[in-house]
Amino acid sequence: MYCYKEKTMSSIISPTQFVPETVAEFVRQQVAELHLQDETEYFFQLAEKERLRKLKENLDQSLIEAIEAPARIPCSPEFWEDMRRRVREHLDQTKKRG
């Protein structure tokens with residue numbers, strides 16, 4: 001469940017928006033089933049789920065493009081050994097910082 005303060009929410013959601021009664025009834029049922037505070041919280045959750053879905057979709061597309069792109073660096077055994085060394089150094093520095 002998402003928590004928020006009404007005064008910090010964007011003004012794009014207005015309490016005076018009207019929807020057909022069939023949609024309003026469905027939303028009221030969802031609010032009750034999901035134990036939400038009100039319809040605004042329901043719409044907020046819908047928007048947040050869609051935002052996250054689109055982010056995942058964009059990430060998936062970026063990963064596909066990266067996989068299909070021609071290799072830009074040689075991945076020799078030396079490359080991987082250097083990568084391991086750099087990761088170990090980074091982890092050591094991170095541990096030292098706390």
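How many aromatic pairs does the structure hold? The structure, a predicted model in which local features need pLDDT of at least 70 and side-chain atom pairs count only at pLDDT 80 or more, while totals for chains, interfaces and linings use all residues, holds 2 aromatic pairs. Residues are numbered from 1 along each chain as its sequence is written, and side-chain values use heavy atoms, with hydrogens and water left out.

Rings of Phe, Tyr and Trp (for Trp, its six-membered ring) are paired if their centres lie within 6.5 Å, with planes under 30 degrees apart counted as stacked, over 60 as edge-to-face and the rest as tilted. Tyr-42 and Phe-43 form an edge-to-face pair, with 5.6 Å from centre to centre and 70 degrees between the planes. Tyr-42 is buried at a relative accessible area of 8%, whereas Phe-43, at 40%, is partly exposed (buried means under 20% relative accessible area, exposed over 50% and partly exposed in between, with a 1.4 Å probe and protein chains only). Phe-79 and Trp-80 also form an edge-to-face pair, at 4.9 Å and 80 degrees, and Trp-80 is partly exposed, with a relative accessible area of 41%.

Helix α2 (residues 39-68) comprises 30 residues and reaches 44 Å from its first C-alpha to its last, close to the 44 Å expected at 1.5 Å a residue, where the expected span is 1.5 Å times one less than the number of residues; helices are DSSP runs (H or I, at least four residues), numbered from the N terminus. Within α2, Glu-41, Tyr-42, Gln-45 and Glu-48 are buried, and the buried residues of this helix pack against α1 (21-33), contact meaning heavy atoms within 4.5 Å.

Notes. Helix = DSSP H or I, 4+ residues; strand = E, 2+ residues; numbered from the N terminus.
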